[in-house]
Amino acid sequence: MIKAVLFDLDGTLLNTLQDLNTCMNMTLQQFGYPTISVEQTKEFVGNGGKKYAERALPVSERGRLDEFYAAYNKIHVSFKNENTALYPQEEECLKLLKLKGIKIAIVTNKSQAGADVLKNSILKPFDFDVVYGNREGVPVKPAPDGAFSVLKELGIEAEEAVFVGDGETDVETARNAGMRCVSVLWGYRTKEQLISAGAKIFAENYDELYKILLLM
């Protein structure tokens with residue numbers, strides 16, 4: 001049996017799409033730029049907040065990226081996330097994994113501050129063993145640095161763990177870290193997009209994910 005599951009956050013553990021869109025649009029309005037749709041947010045996220053901000057900015061304004069991203073991050077970290085929610089069957093899955101003695105951790109491209117807000121609010125009941133967000137000087141996913149740091153902290157080898165995520169970057173992160181991967185289909189990418197990234201194992205919902213993990 002596996003000893004740990006490393007989860008992506010946005011689109012995997014939490015449906016954050018509406019709140020991510022609202023935060024970005026608040027920032028765009030603050031700077032006087034056109035807002036973006038929820039569908040554009042879905043397309044733009046996955047490679048960290050700074051890349052999301054860059055994609056949301058008008059091309060002619062990307063010279064202001066650092067200033068714009070700082071403003072976005074300030075809004076994002078202080079936002080109440082009232083529309084962020086767990087996915088169906090998720091609570092049961094996470095609690096059962098913990099009962100089995102399997103460590104659960106988060107590796108996300110969201111800022112560490114943003115990840116900590118969610119860890120201490122909606123995700124608090126699950127007592128994640130490690131939450132590893134985007135940190136200064138550490139490459140974001142698909143670089144394996146975050147996954148390696150989490151595995152080291154848990155004292156677990158890559159072959160004893162599974163990476164679970166909804167995006168291409170999660171498939172690539174798992175491959176780069178020498179881990180197995182389960183791609184979830186309730187997130188922000190289609191099955192076709194995940195297959196193109198090399199995904200081979202898929203879960204339609206959290207009940208199916210739990211059954212898959214117990215067989216790995």
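The lining of the second largest pocket in this predicted model divides into three nonpolar, seven polar and four charged residues. This pocket has a volume of about 200 Å³. It is lined by 14 residues, and those closest to its centre are Lys-50, Tyr-69, Asn-134, Arg-135 and Glu-136. Helix 3 and helix 4 each supply at least two residues of this lining. The largest share, three residues, comes from helix 3.

The largest pocket has a volume of about 330 Å³. Of its 25 lining residues, Asp-10, Val-45, Gly-46, Asn-47 and Gly-48 are the closest to the centre. Helix 3 (49-56), helix 4 (65-78), strand 2 and helix 8 each give at least two residues to the lining of the largest pocket. That lining divides into six nonpolar, 11 polar and eight charged residues.

Cavities are treated next. There are three cavities of 30 Å³ or more. The largest cavity has a volume of about 80 Å³. Among the 13 residues that line the largest cavity, Thr-108, Tyr-132, Gly-133, Pro-139 and Val-140 are the closest to its centre. Strand 2 and strand 3 each supply at least two residues of the lining of this cavity.

The table sets out the spaces described above.

| Space | Volume | Nonpolar, polar and charged lining residues |
|---|---|---|
| Largest pocket | about 330 Å³ | six nonpolar, 11 polar, eight charged |
| Second largest pocket | about 200 Å³ | three nonpolar, seven polar, four charged |
| Largest cavity | about 80 Å³ | six nonpolar, five polar, two charged |

Six strands form an open sheet in the order 3-2-1-4-5-6, and their pairing is parallel. Strand 3 (130-134) and strand 6 (202-203) are the edge strands, each pairing on one side only. Strand 2 (residues 103-111) pairs with strand 3 in the parallel sense over four bridges.

Strand 4 and strand 5 run parallel and are joined by four bridges. Within this pairing, Val-162 stands opposite Arg-180 in strand 5. Strand 5 is mostly covered, with four of its five residues buried.

Some single residues can now be placed against this background. Glu-160 is found in the loop between helix 7 and strand 4. Its relative accessibility is 22%, so Glu-160 counts as partly exposed. Leaving aside neighbours within four places in sequence, Glu-160 is in contact with Ile-2, Lys-3 and Ala-4. Glu-160 and Gly-178 are 18 residues apart in sequence, and their C-alpha atoms are 10 Å apart in space.

Asn-25 has its place in helix 1 (residues 17-31). Asn-25 counts as buried because its relative accessibility is 13%, and the cut-off for buried is under 20%. Not counting residues up to four places away in sequence, Asn-25 touches Thr-35 and Ile-36. Between Asn-25 and Tyr-72 there is a separation of 47 residues in sequence and of 9.1 Å in space, C-alpha to C-alpha.

In the loop between helix 4 and helix 5 (90-99) lies Asn-81. This residue has a positive phi of about 55 degrees although it is not a glycine. Asn-81 has a relative accessibility of 15% and therefore counts as buried. Asp-127 is in the loop between helix 6 (112-119) and strand 3. Its phi is near 50 degrees, a positive value in a residue other than glycine. Is Asp-127 buried or exposed? At 53% relative accessibility, Asp-127 counts as exposed. Pro-142 is found in the loop between strand 3 and helix 7. The peptide bond from Lys-141 to Pro-142 is cis, with omega near 15 degrees.

Notes:
Residues are numbered from 1 along each chain as its sequence is written. This is a predicted model: local features need pLDDT of at least 70, side-chain atom pairs count only at pLDDT 80 or more; totals for chains, interfaces and linings use all residues. Side-chain values use heavy atoms; hydrogens and water are left out. Two strands pair if DSSP finds at least two bridges between them. On a 1 Å grid over the protein atoms alone, a cavity is a set of points where a 1.4 Å probe fits but cannot get out, and a pocket is an open set with protein on both sides within 12 Å along at least five of seven lines; lining residues have an atom within 4 Å of a point. Grid points are joined across faces, edges and corners, and a volume is the space filled by probe spheres set on the points. Ala, Val, Leu, Ile, Met, Phe, Trp, Tyr, Cys and Pro count as nonpolar, Asp, Glu, Lys and Arg as charged, and the others, Gly among them, as polar. Buried means under 20% relative accessible area, exposed over 50%, partly exposed in between (1.4 Å probe, protein chains only). Contact means heavy atoms within 4.5 Å.
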